[in-house]
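Student: I have a protein here that I would like to talk through with you. Could you start with the terms and then take my questions?

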Amino acid sequence: MKKEFSFSATVEKFNLPASWYFVMVPEKILKEVKSLSPKKIGYGFYPVFVTVKKSTWRTSLLPMGNKTGEKKYFIALKAQIRKKEGIGFGENVKIKFVLG
């Protein structure tokens with residue numbers, strides 16, 4: 001049985017036109033993910049199955065670099081899911097995921 005991770009986070013948005021909405025993965029959870037799944041795909045993505053409210057979909061934990069070179073990870077929230085679940089910018093949502 002795969003370990004389920006869960007956390008609550010505020011929905012953020014990249015500061016660009018027609019931009020992605022996302023939640024940041026807490027560092028504590030990311031450390032555990034890295035210890036359980038050293039396998040990454042592409043540019044450092046960790047494939048996952050995410051559940052928000054009643055919707056579940058396959059996606060990845062996506063890396064976000066910063067000026068210090070430190071990578072943080074986020075989960076993009078697709079427009080289809082946000083609309084279906086009534087999720088908006090600035091809302092606090094509960095996220096669950098398993099490595100996939």
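Tutor: Gladly! Accessible areas come from the Shrake-Rupley method with a 1.4 Å probe, and for residues only the protein chains shown count as cover. This is a predicted model, where local features need pLDDT of at least 70, side-chain atom pairs count only at pLDDT 80 or more, and totals for chains, interfaces and linings use all residues. Residues are numbered from 1 along each chain as its sequence is written, and side-chain values use heavy atoms, with hydrogens and water left out.

Student: What share of the accessible surface belongs to carbon and sulfur atoms?

Tutor: The accessible surface of the protein comes to about 6500 Å². Of that, the carbon and sulfur part is 55%.

Student: In which strand is Val 52 found?

Tutor: Helices (H or I, at least four residues) and strands (E, at least two) are DSSP runs, numbered from the N terminus. The protein has 2 helices and 7 strands, in the pattern β-β-β-α-β-β-β-α-β. Val 52 lies within residues 46-52, which is strand 4.

Student: Is Val 52 buried or exposed?

Tutor: Buried means under 20% relative accessible area, exposed over 50%, and partly exposed in between (1.4 Å probe, protein chains only). Val 52 has a relative accessible area of 1%, so Val 52 is buried.
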